[in-house]
Amino acid sequence: MRLCVNILLLLSLRVSFAQQVSSDSSFQCSLKTGVTRLDFFNGLEGVYCDEHLVFLSSVELGVNRTFFQKRIFPRASIGFGYRFTKGALQFEPLMMFSQSMLKLSDSYNSRHYWTECYMGYRFAIGKKWKFVNEIMCGWMSERYLVNTSGAKKTFGTFGYYGSLGLARNIR
């Protein structure tokens, strides 16, 4: 009997959640070009908004190092924030965490890792198609292995991120 009650409760929660997701949420996909202290980046970003809460993730490639220096320089980010809406305008204060990695040489272990923690905003204008702008700044930490001593070094510094993009509402 208790199992049946639990199953009915879970099914009713699932149905009510599915109805809420379809009416209060949105998903958008965007192409963006950004700049950091490290490189220019091009990539894809997905944004999910549940009423006012915003969750985003992006995958980008460094332009200079990937295309001109022939070394792959990926950057992955996740973030969250709160959306304020006025007609076709959207303003979203955000916190974003990013990780990037670059292998400097094939001859020895020369991988450098950057972890970034930024705060800033995301501004979008438009209904179905949106022009998107992100401006953020915060802390950037670089980690790498010193080959002569085998020790790991970590350095931190001020970092920034700015991007322009074009987004499309999917739902």
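The points below go from the overall layout to single residues and pairs.

1. A word on the source before anything else: this is a predicted model. Every value below should be read with that in mind.

2. Let us begin with the layout. The chain has 2 helices and 9 strands, and from the N terminus on the order is α-β-β-β-α-β-β-β-β-β-β. Of the contacts between residues at least 6 apart in sequence, 51% join residues at least 24 apart. Buried residues account for 35% of the 171 residues. The accessible surface is about 10500 Å², with 68% of that area belonging to carbon and sulfur atoms.

3. Next, the strand pairing. S6 and S7 run antiparallel and are joined by 15 bridges; Gln99, for example, has Thr115 in S7 as its bridge partner. S7 is also joined to S8, again antiparallel, through 14 bridges. Here Ala124 stands opposite Val132 in S8. The hairpin of S7 and S8 has 3 residues between its strands, and Gly126 in this hairpin takes a positive phi near 130°.

4. Which residues form the nonpolar patch on the surface? They are Leu53, Phe55, Ile78, Phe80, Tyr82, Phe84, Phe91 and Phe97, and together they have about 780 Å² of accessible area. Strand S3 (53-62), S4 and strand S6 (89-103) each supply at least two residues of this patch. The largest share, 3 residues, comes from S4. Tyr82, one of the patch residues, is found in S4. With a relative accessible area of 37%, Tyr82 is partly exposed, because that value lies between the 20% and 50% cut-offs.

5. Ser77 is another residue of strand S4 (residues 74-82). Is Ser77 buried or exposed? Its relative accessibility is 2%, so Ser77 counts as buried. The side chains of Ser77 and Ser98 are joined by a polar contact of 2.7 Å. Beyond its neighbours within four places in sequence, Ser77 is in contact with Leu56, Ser57, Ser58, Glu60, Met96, Phe97 and Ser98. Phe97 on that list of contacts is also a member of the nonpolar patch.

6. Now for the charged pairs. A search of the whole structure finds 8 salt bridges. One of them joins Lys32 and Glu134, whose closest N and O atoms are 3.1 Å apart. This pair links distant parts of the chain, since Lys32 sits in strand S1 (residues 25-36) and Glu134 in strand S8 (residues 129-145), 102 residues apart. Lys32 and Glu134 are both buried.

7. Glu134 has a further partner: its side chain meets that of Arg122 in a salt bridge of 3.3 Å, N to O. Arg122 lies in strand S7 and Glu134 in strand S8, so this pair ties together parts that are 12 residues apart in sequence. Arg122 is buried, as is Glu134.

8. Arg75 forms a salt bridge with Glu116, with 3.2 Å between the closest N and O atoms. Arg75 lies in strand S4 and Glu116 in strand S7 (residues 111-125), so the pair ties together parts that are 41 residues apart in sequence. Both of these residues, Arg75 and Glu116, are buried.

9. Lastly, a look at Ser30, which lies in strand S1. Ser30 counts as buried because its relative accessibility is 4%, under the 20% cut-off. What does Ser30 touch, not counting residues up to four places away in sequence? The contacts are Gly43, Leu44, Glu45, Arg122, Leu166 and Ala167. Ser30 and Lys130 are 100 residues apart in sequence, yet their C-alpha atoms are 8.7 Å apart in space.

Note on methods
Residues are numbered from 1 along each chain as its sequence is written. This is a predicted model: local features need pLDDT of at least 70, side-chain atom pairs count only at pLDDT 80 or more; totals for chains, interfaces and linings use all residues. Side-chain values use heavy atoms; hydrogens and water are left out. Helices (H or I, at least four residues) and strands (E, at least two) are DSSP runs, numbered from the N terminus. Buried means under 20% relative accessible area, exposed over 50%, partly exposed in between (1.4 Å probe, protein chains only). A polar contact is a pair of N or O atoms within 3.5 Å; within protein, one must be able to donate a hydrogen and the other to accept it, and residues adjacent in sequence count only if both atoms are side-chain atoms. Contact means heavy atoms within 4.5 Å. Accessible areas come from the Shrake-Rupley method with a 1.4 Å probe; for residues, only the protein chains shown count as cover. Patches are made of residues with over 30% relative accessible area and no salt bridge: like charges are joined within 9 Å, nonpolar side chains (Val, Leu, Ile, Met, Phe, Trp, Tyr) within 5 Å. A salt bridge is a side-chain nitrogen of Lys or Arg within 4 Å of a carboxyl oxygen of Asp or Glu. Two strands pair if DSSP finds at least two bridges between them.
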